[in-house]
Amino acid sequence: MTPAISETTTNSSPENNVTITEKIYTRVRLAEKADLYHIYQLFYQIHAYHNYTHLYKATESSLANLLFKENPLPLFYGPSVLLLEVSPTPFAEPKNTTDEGFKPVLTTFDLKFPVVEGQAEEFRSKYDDGNDKSDAFIAGYAFFYANYSCFYDKPGFYFESLYFRESYRKLGMGRLLFGTVASIAANNGFVSVEGIVAVWNKKSYDFYIDMGVEIFDEFRYGKLHGEALQKYADKEKSAEGNC
């Protein structure tokens, strides 16, 4: 069953609020299967941000099949999600260590103004690191996977999306999350991090330029999908029927 969607934090109740002042502590970690509910919610929210909710077809079950297969590809070659968690108190080193191949990145940000977590119960982290920490909340994600090009003899990363819930924007966390993906690429033999940059979103465009991304204006993004793609499937079926 698909859960109810949480689109924004504007209708939060006081008892569901957590106010973070002075410092906010963050942890970037690999998503795991227990995070499916939050990944589903965040993927919906980025569709809402772009007014594309009518195109959102995913369910928790379909995301589980996509992200957490029983026989997965090597780490970072298949679809990968990094989650950024926030807390009003420091994160400790994990007691439950697993061979994930990626050590969580712990960072502290100084706040110029209070940050209100308006959906504390909905976005409370389910990650169990053995420290019995209950005041960590999911703030955003990065979604990426390996891609290939005839221009290179090694794979790169296709950076599919970066998203933060409204309360956690403009705090510098985007630089941390994108920089973490770039660090993974550089440290593991991947040759690039590439993706689509929305030219209409100047803040986003300037962000990626500032992070060192080179924009290729001579290329345009193309996509064959929907009914146009299905026409090719129909032709194949027709050809089979005529055999």
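Pro79 sits in the loop between H2 and S3, where helices (H or I, at least four residues) and strands (E, at least two) are DSSP runs numbered from the N terminus. The model is predicted: local features need pLDDT of at least 70, side-chain atom pairs count only at pLDDT 80 or more, and totals for chains, interfaces and linings use all residues. Residues are numbered from 1 along each chain as its sequence is written, and side-chain values use heavy atoms, with hydrogens and water left out.

**Chain and confidence**

- The chain holds five helices and eight strands, in the sequence order β-β-α-α-β-β-β-β-β-α-β-α-α.
- Of its 243 residues, 37% count as buried; buried means under 20% relative accessible area, exposed over 50%, and partly exposed in between (1.4 Å probe, protein chains only).
- Among contacts (heavy atoms within 4.5 Å) with a separation of 6 or more, 79% are between residues 24 or more positions apart.
- The average pLDDT, the predictor's confidence in each residue from 0 to 100, is 90 for the chain, and 88% of the residues score at least 70.
- Residues 6-11 have pLDDT under 50, and the model gives them 15 contacts beyond four places in sequence.

**Pro79**

- Pro79 is partly exposed, its relative accessible area being 28%.
- Beyond four places in sequence, Pro79 is in contact with Leu66, Leu67, Phe143, Phe144 and Tyr145.

**Helix H2**

- H2 covers residues 60-67, and Leu63, Ala64 and Leu67 are buried there.
- These buried residues fall within an arc of 105 degrees when seen down the axis of H2, so they line one face of the helix; the arc is that of the directions from the helix axis to the C-beta atoms.
- The buried residues of H2 pack against helix H1 (36-49), strand S3 (80-87) and strand S6 (137-147).

**Helix H1**

- In H1, 10 of the 14 residues are buried, and the helix is mostly covered.
- The buried residues of H1 include His38, Tyr40, Gln41, Tyr44 and Gln45, along with Leu36, Ile39, Leu42, Phe43 and Ile46.
- The cover over the buried residues of H1 includes H2, S3, S6 and strand S7 (156-164).
- The end C-alpha atoms of H1 are 20 Å apart, which agrees with the 20 Å that its 14 residues should span at 1.5 Å a residue; the expected span is 1.5 Å times one less than the number of residues.

- Asn51 is not a glycine, yet its phi is positive, about 60 degrees.
- Asn51 follows H1 and lies in the loop between H1 and H2.
- Asn51 counts as exposed, at 62% relative accessibility.
- Asp132, likewise not a glycine, has a positive phi of about 55 degrees.
- Asp132 is in the loop between strand S5 (115-117) and S6, and is exposed with a relative accessible area of 75%.

**Val115**

- Val115 is in strand S5 and counts as buried, at 2% relative accessibility.
- Not counting residues up to four places away in sequence, Val115 touches Val18, Thr19, Ile20, Ser167, Tyr168 and Leu171.
- Val115 and Glu22 are 93 residues apart along the chain, and their C-alpha atoms are separated by 9.2 Å.

**Pocket and cavity**

- On a 1 Å grid over the protein atoms alone, a cavity is a set of points where a 1.4 Å probe fits but cannot get out, a pocket is an open set with protein on both sides within 12 Å along at least five of seven lines, and lining residues have an atom within 4 Å of a point.
- Grid points are joined across faces, edges and corners, and a volume is the space filled by probe spheres set on the points.
- The second largest pocket has a volume of about 380 Å³.
- Its lining has 18 residues, of which Leu67, Pro72, Leu75, Pro79 and Ser80 lie nearest the centre of the pocket.
- H2 and S3 are the elements that give two or more residues to the lining of the second largest pocket.
- The structure holds one cavity of 30 Å³ or more, and the largest cavity has a volume of about 40 Å³.
- Residues lining the largest cavity include Asn147, Tyr148, Tyr152, Lys154, Val191 and Glu194.
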